[in-house]
Amino acid sequence: MQKMKTTGKLKTTGLSRETILDVYKAVMRGRRVDERLWQLTRIGKFSFNISGQGAEVGQAAMALAFDYDKDYFLPYYRHLTAVLMWGMTTKDIMLAGFGKEADPASHGRQMPSHYGSKAHNIVSHSSPVSTQYPISAGIAYGAQMRGEDFVTVVTTGDGSFSQGECAEAMNIAGVHKMPVVFVVENNGYAISVPDKEQYAVEKLADRGPAFGFKGVRVDGRDFAETYLAFKQAVTDAREGNGPTLIEIMVERLTSHSSDDDQRVYRSAEELAEIKENDPVKLFQQQLIDEGYLNEADIDRIEKELETEINQATDEAEAMPDPDPDPAKITDQLYAE
């Protein structure tokens, strides 16, 4: 994977100190919730976890560029930080992991890490990868046909981006100049397959122009660069200028999932290097260096998140399981 250096100054974003501190808290929430999910998986309370550790800064920059009150989000399984910013709560995530009836994504009927919330225009995805891409084009086309002012954003991973659904969705979106932002989060591995064995183009972003719209690669460790790229893409979509494909370069600090062991196919040296250059630590240091963050802020936010996550875990675990009545098995599958 191509290594990048974080250089963008936060002042270039035009965001206030308050907003940037909110972003920092969102980044730390994504990391701390993710860590709790791993703990619950390892002690047998969750069945599965697929982690977003290493991508939190890029996800926060992406999410901040959208209007959560009206835009639509079709995430993929690593986008924990982004869905938490979009409106899902820590308790929502725990409800899904515990498989509880109150889970907003599927009422306890779907695997963990399959995010969804009708109340927040977050469309739950299927386990077959990249099936969310054609759906996103359909939603965007609907907005275009009805003259509604909302933008759709859809995400997937670099391995999933090889699926034909991605090409089909981008093709039709390019033809009709749909208000959609396509995102591929590139961590350099399709489970265990490195990028050099996945694709022959220099950048996955190069596929955008093939379908008639812009393709942009950004360093997902650089908040300013990533946020400004998404802000422009959203503006273009909202003004009728069509889609953008954004490739976010991120690290994957953990194994592909709780059922994988990346030590089998990644060297000890590589794993030590990415841990040393953890994007969350880099972002924290940048905030300190540029005067947005101090030790008191760090301590306060950590304590607030610890309380929030502990409470959400306890409350979600105590909630009722889905009704075991076989007659209820198709509930929530069809519109009433």
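How many nonpolar, polar and charged residues does the lining of the largest cavity have, by class? Point 4 takes this up.

1. Basis. This is a predicted model, in which local features need pLDDT of at least 70 and side-chain atom pairs count only at pLDDT 80 or more, while totals for chains, interfaces and linings use all residues. Residues are numbered from 1 along each chain as its sequence is written, and side-chain values use heavy atoms, with hydrogens and water left out.

2. Overall form. The chain has 11 helices and seven strands (DSSP runs, H or I of at least four residues for helices and E of at least two for strands, numbered from the N terminus). Its radius of gyration is 19 Å, close to the 20 Å that the globule rule gives for 336 residues, so the chain is as compact as a globular protein of that length (taken over C-alpha atoms; the rule is 2.2 Å times the number of residues to the power 0.38). Buried residues make up 53% of the chain (buried is under 20% relative accessible area, exposed over 50%, partly exposed in between, with a 1.4 Å probe and protein chains only).

3. Cores. The largest nonpolar core has 61 residues (buried Ala, Val, Leu, Ile, Met, Phe, Trp, Tyr and Cys joined through side-chain atoms within 4.5 Å). Its largest share, 10 residues, comes from helix α1 (residues 17-42). Apart from this core lies another, of 21 residues, among them I139 and F213.

4. Largest cavity. I93, one of the residues with the most contacts inside the largest core, is also among the lining residues that lie nearest the centre of the largest cavity (a set of points on a 1 Å grid over the protein atoms alone where a 1.4 Å probe fits but cannot get out; lining residues have an atom within 4 Å of a point). The 15 lining residues comprise 10 nonpolar, four polar and one charged (Ala, Val, Leu, Ile, Met, Phe, Trp, Tyr, Cys and Pro count as nonpolar, Asp, Glu, Lys and Arg as charged, the others as polar). Helix α4 (residues 90-98) gives the largest share of this lining, four residues.

5. Helix α2. Eight of the nine residues of α2 (residues 56-64) are buried, so this helix is largely enclosed by the rest of the structure. E56 and Q59 are among those buried.

6. I288. This residue lies in helix α10 (residues 279-289) and, at 29% relative accessibility, counts as partly exposed. I288 touches L293, E295 and I298, residues up to four places away in sequence not being counted (contact means heavy atoms within 4.5 Å).

Methods. On a 1 Å grid over the protein atoms alone, a cavity is a set of points where a 1.4 Å probe fits but cannot get out, and a pocket is an open set with protein on both sides within 12 Å along at least five of seven lines; lining residues have an atom within 4 Å of a point.
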